[in-house]
Amino acid sequence: MLLKDADAASIAVHAPYRLVDLNRGNTLLWGDKLEETRVSFHGGELIFGKERFRAAGVKVISRRDGSVELDGTRYRGEISLVARPANRLRAVDRLNVEEYVQGVLGSEMPDYWDKEALMAQAICIRTYVLYRKVKRKELNALHLAYRGITDENWRLNKIVGETRGIVMFYDDKIFPAYFHSTCGGHTEDAAHVFGDKSIAPLSGVECGFCDRSKYYKWKADIKKADLEDKLRERYPGLERTSTIVAENPGPGGHNSTVRIKHAGGDLKMGANEFRLLVGPNTIFSTAFSAKDEGSVIRFTGSGWGHGVGMCQYGAQKMAEEGYQWSQILRHYYPAVEFVKVYR
Ligand SMILES: [Zn+2]
């Protein structure tokens, strides 16, 4: 889904286009190009620039190699606009999995990285996307960095094409092939981070390839007063913090809980919640320890991201050392099989 509960959206097409009623299938409007047009729904009508149509849903289709622009971002193929709920606008893009993988690859990994690393990444993305489809879970920008065709380029699209239809299976089933920037030495068990069932490909492995990442080991000194300000939005009773203890690490060193000792007692919260409240770009992962340094707490940690599945910096180093995409993926997701699910 691209937009939810919006008042209105702007649509443009820089190629021949058609506007089709989603329920009846008839064409409402067509032309050689569509200048930026404001679209909204009101009282059972679609307000499309200066035109009005009796329609609760439409799709905007561009010529086969064209794209549709929604609020300034270009997407491949077509976009559906529906009045759901009434008088509000929801925008959904209809594109196939391969186009989606093309759109995501360039925002998940630098486009100049080694081909085998990019191929491995494309297969992770496809596996993850198909898993969500099979489970009928909606994909949105929170799950993968999808920005339409903004991040596509010729080299990446060719790499995606070479892996077309290939996904990973474990125990004859597709699974959520999580990935992250830098594991910091050992990847993490998905059960530990997300509470998923523990399965062989997601239970954590020794990485040994990501020590060039600048997030491999990191340090952050944070003033106690600043920490308290950030945490107090959710935990108002917090005052005069003495120290912070990170607890219950998984096999990859990612902690699951954090205990904050303060004047009012002990405050316990999830390590991930703590990381998000303090700032995910300050505390790069939940694999850290904390030391009381008077007015500041010194955090010493490793890795960037949740640590589950493929470590991207590790994958790139493996590719540079001559490993192929299948070896990279089998290293990070042990016991998987590769299946081409369509031609
Ligand atoms: Zn790693």
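**Helix α6 and its surroundings**

In this predicted model, helix α6 covers residues 271-278, and its buried residues are Ala271, Asn272, Phe274 and Arg275. Viewed down the axis of α6, these buried residues fall within an arc of 160°, so they line one face of the helix. Residues three or four places apart in an α-helix point the same way, because there are 3.6 residues a turn.

Position of the helix

- Helix α6 lies across β17, β18 and β19, and runs at about 95° to β19.
- Glycine 279 follows α6 and has a positive phi, near 130°.

The sheet beside the helix

- Strands β17, β18 and β19 form an open sheet of three strands in the order β17-β18-β19, with antiparallel pairing.
- The edges of the sheet are β17 and β19, each of which has a single partner strand, so one side of each is left without a neighbour in the sheet.
- On average, neighbouring strands of this sheet are turned by 25° against each other, with direction ignored.
- In general, strands of a sheet pair through backbone hydrogen bonds, in either a parallel or an antiparallel way.
- The antiparallel pairing of β18 with β19 runs over six bridges.
- Threonine 257 has glycine 270, in β19, as its bridge partner.

**The whole protein**

Overall make-up

- The protein has 343 residues, of which 42% count as buried.
- Its secondary structure consists of eight helices and 23 strands.
- The C-alpha trace spans about 65 × 50 × 35 Å along its principal axes.
- Of the contacts between residues at least 6 apart in sequence, 66% join residues at least 24 apart.

Domains

- The protein is divided into domain 1 (3-94), domain 2 (98-205 + 307-340) and domain 3 (217-302).
- The centres of domain 2 and domain 3, taken over C-alpha atoms, are 30 Å apart.
- Eleven residues from domain 2 and nine residues from domain 3 take part in the contact between these two domains.
- What kinds of residues make up the side of domain 2 that touches domain 3? Two are nonpolar, seven are polar and two are charged.

Conventions: Residues are numbered from 1 along each chain as its sequence is written. This is a predicted model: local features need pLDDT of at least 70, side-chain atom pairs count only at pLDDT 80 or more; totals for chains, interfaces and linings use all residues. Domain bounds come from an automatic or database domain assignment. Two residues are in contact if their C-beta atoms, placed from the backbone, lie within 7 Å. Ala, Val, Leu, Ile, Met, Phe, Trp, Tyr, Cys and Pro count as nonpolar, Asp, Glu, Lys and Arg as charged, and the others, Gly among them, as polar. Helices (H or I, at least four residues) and strands (E, at least two) are DSSP runs, numbered from the N terminus. A residue is buried if 20 or more other C-beta atoms lie within 10 Å of its own, exposed if 12 or fewer, and partly exposed in between; C-beta atoms are placed from the backbone. The arc is that of the directions from the helix axis to the C-beta atoms. Two strands pair if DSSP finds at least two bridges between them. Axes are lines fitted to C-alpha atoms, for helices over the stretch in contact, and angles run from 0 to 180 degrees between N-to-C directions.
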